[in-house]
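I opened the model to look up a few contacts and backbone details. These are my notes, in the order I took them.

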Amino acid sequence: MAQEPVGANTEEQGDPYVLDPAKIQEPPVGWGPSLRFLGPGMITSAAVVGSGELLTATALGAKVGFLLLWLVLVSTFVKVAVQIELARWSISTGRPGTLGYDDVPPRIGRRGWMSYLAILMFLQFLTSQAGVLAAAGLAMSMLIPVAGAPMSAMSVGFWVVLMVAIAIAIHFTNRYSIVETVSTVLVVLVTAAVVMMVFGIQLTPFAWSGTDLADGMHFKIAAGTMGIALGMFGLTGVGAGEISSYSFWCVEKGYAAWTGPNDGSEEWARRARGWVAVMKKDAWVSWVVYTLSTMAFYMLGAAVLHPQGLEPKGNEVLKVLSRIFDDTIGGWAGAVFLVFAAIALFKTILANVPSLSRQTAAAASLFGAFDWYDRGARDKAMRFLMVFLPIIWGLLAVVVQSPLQMVILGGILNALYLMAVAVATLYLSHAQTDPRIKDGRFFMAYLVVSAVAVFAVGAISLLDMF
């Protein structure tokens with residue numbers, strides 16, 4: 001008989017990507033027993049809550065006020081079905097999403113068409129993460145200038161180099177438990193801080209009201225806001241990178257290994273349904289966290305910047321917000337905001353160093369760089385990328401100092417990959433996920449609507465780029 005759950009992850013049990021019957025564990029039942037087995041969603045939240053919210057969502061609020069507050073809910077909620085379904089496939093097969101994308105027809109040569117796209121996504125990772133890192137370095141430079149003016153390349157560069165070094169030091173051991181712990185702590189800290197800021201502005205001339213919130217829930221699109229709205233949709237909530245990474249984290253947490261290899265038995269199906277239920281709790285908890293944070297960032301822009309006609313761009317985003325906190329509450333408030341902003345942005349980097357390294361490594365393995373199921377070779381490739389990627393991001397961050405524009409560009413490119421991920425998820429669900437562990441018609445309808453909406457926004461983004 002299978003044992004009761006004994007661990008919060010599979011690190012002590014060997015390779016999580018190997019489905020060994022000896023690792024099988026019974027899933028917990030109910031919310032209470034499931035809590036200690038949550039975690040992948042907090043890594044996802046750490047990647048989500050920061051870049052798109054602090055820069056893009058705040059800028060959108062500044063541009064149109066509360067008018068598009070509803071878009072926050074839509075852009076986060078609509079993608080969760082795709083995230084859950086891809087993770088369900090990973091639990092069913094024990095494989096991460098990037099490897100599954102290779103199975104999606106048609107094939108070009110020996111590889112599926114999405115494998116080539118996965119390789120090209122390396123460029124999107126560069127633009128978006130370099131923009132985030134530049135903004136984080138700028139926030140710290142404005143607070144503590146080093147060897148130059150706050151906006152100088154020397155000062156910003158110092159902080160960027162320091163953050164790169166910290167990220168490499170934290171992740172070089174390549175342990176899932178470290179990623180989960182760091183992500184959870186920082187997500188809780190940032191979410192609590194931004195919510196406090198939103199309520200804190202009630203003590204200033206920029207207080208918001210219930211009427212403002214109600215107006216923001218009418219489904220309207222203002223003229224001239226489509227471009228930044230599309231960038232926001234691509235980057236806020238789970239994007240293609242987060243959806244793909246979540247499948248890796250669900251495997252490394254242990255959901256697939258604890259389910260065990262699919263032997264066709266009803267016992268396997270029962271365990272799989274149980275661990276899928278835990279995964280869904282994890283996904284929805286993370287949705288609540290990053291949706292709350294995104295709405296809070298948007299409200300800062302809508303309540304504080306919009307009434308003054310301020311639409312900060314690039315480096316001015318952090319500078320303007322910090323100055324307003326200085327003027328309305330006191331000098332200490334501006335400094336606190338900059339510290340918070342730096343943590344929020346850097347947290348995204350800390351989550352994405354291991355996440356994007358895994359995606360890049362998996363894509364490279366498909367083209368023969370190494371055998372994914374050789375744990376030694378896989379760990380070596382990941383460690384190399386967890387040093388190489390942040391260094392490249394840091395170099396770009398110092399050379400190209402325009403965080404908002406870089407993040408928006410990354411969001412639009414990310415929307416393109418979302419199109420492919422939506423198609424791949426539907427295919428893998430239909431062709432490879434064991435039908436015994438799927439949800440009912442209501443969820444499948446939600447999944448189709450989600451995939452169609454994601455694909456449509458990606459298509460609109462493509463047209464907008466040209």
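Which residue does the side chain of Arg-270 meet in a salt bridge? I found Glu-26 as the partner, with N to O at 2.7 Å. The model is a predicted one, and I read each value below with that in mind.

**Entry 1: Arg-270 and Glu-26**

I placed Arg-270 in helix H13 and Glu-26 in the segment before helix H1 (31–34), so this pair ties together parts that lie 244 residues apart in sequence. Arg-270 has 31% relative accessibility, so I list Arg-270 as partly exposed. Glu-26 comes out at 12%, and because buried means under 20%, Glu-26 goes down as buried. The total I noted for the model is 14 salt bridges.

**Entry 2: Asp-439 and its partners**

Next I took Asp-439. Which residues form salt bridges with Asp-439? One is Arg-88, where the closest N and O atoms are 2.8 Å apart. I located Asp-439 in the loop between helix H17 (403–431) and helix H18 (441–465), and Arg-88 in helix H4, so the pair links distant parts of the chain, 351 residues apart.

The other is Lys-280, whose side chain meets that of Asp-439 at 3.1 Å, N to O. Lys-280 sits in helix H13 and Asp-439 in the loop between H17 and H18, so this contact ties together parts 159 residues apart in sequence. Through shared partners, salt bridges join Glu-85, Arg-88, Lys-280 and Asp-439 into one network.

Is Arg-88 buried or exposed? I read a relative accessible area of 0% for Arg-88, which means buried. Asp-439 has a relative accessible area of 25% and is partly exposed. Lys-280, at 22% relative accessibility, also counts as partly exposed.

**Entry 3: H4 against H13**

Arg-88 is in helix H4 and Lys-280 is in helix H13, and I looked up how these helices pack. H4 (residues 69–93) and H13 (residues 266–305) pack at an angle of about 155°, with their axes 9 Å apart. Why do I call H4 roughly antiparallel to H13? Angles over 145 degrees count as roughly antiparallel, and the H4 and H13 pair therefore qualifies. The crossing of H4 past H13 is right-handed.

**Entry 4: pairs far apart in sequence**

I checked a few C-alpha pairs. Thr-433 and Glu-85 are 348 residues apart along the chain, and their C-alpha atoms are separated by 9.1 Å. Thr-433 is in the loop between H17 and H18 and is buried at 3% relative accessibility. I note again that Glu-85 belongs to the salt-bridge network with Asp-439.

Ala-451 lies in helix H18. How far apart are Ala-451 and Lys-79, C-alpha to C-alpha? I get 7.6 Å in space, for a pair 372 residues apart in sequence. Ala-451 has 3% relative accessibility and counts as buried.

For Val-399 and Ala-130, the C-alpha to C-alpha distance is 9.6 Å and the sequence separation is 269 residues. Val-399 is in helix H16 (residues 375–399). At 68% relative accessibility, Val-399 counts as exposed.

**Entry 5: backbone details**

I looked for peptide bonds in the cis form. One joins Pro-105 and Pro-106, with omega about 5°. Pro-106 is in the loop between helix H5 (97–101) and S1.

Asn-174 has a positive phi of about 55°, although this residue is not a glycine. I placed Asn-174 in the loop between helix H7 (153–171) and helix H8 (176–200). Asn-174 has a relative accessible area of 14%, so I list Asn-174 as buried.

**Entry 6: a nonpolar patch**

Which residues make the nonpolar patch of about 340 Å²? I have Ile-108, Tyr-116, Ile-119 and Phe-367. Ile-108 lies in strand S1 (residues 107–108), and S1 is also where the loop holding Pro-106 ends. With 47% relative accessibility, Ile-108 counts as partly exposed.

Notes
Residues numbered from 1 in each chain as written. Predicted model: local features only at pLDDT ≥ 70, side-chain atom pairs only at ≥ 80, totals over all residues. Heavy atoms only, no water. Patch = residues over 30% accessible without salt bridge, like charges linked within 9 Å, V, L, I, M, F, W, Y side chains within 5 Å. Areas by Shrake-Rupley, 256 points an atom, 1.4 Å probe, with all protein chains shown as cover. Salt bridge = Lys/Arg side-chain N within 4 Å of Asp/Glu carboxyl O. Helix = DSSP H or I, 4+ residues; strand = E, 2+ residues; numbered from the N terminus. Buried < 20%, exposed > 50% of the residue type's maximum accessible area, 1.4 Å probe, protein only. Axes fitted to C-alpha atoms, helices over the stretch in contact; angles between N-to-C directions. Parallel < 35°, antiparallel > 145°, perpendicular 65-115°, else oblique. Left-handed = near helix turned anticlockwise from the far one by under 90°.
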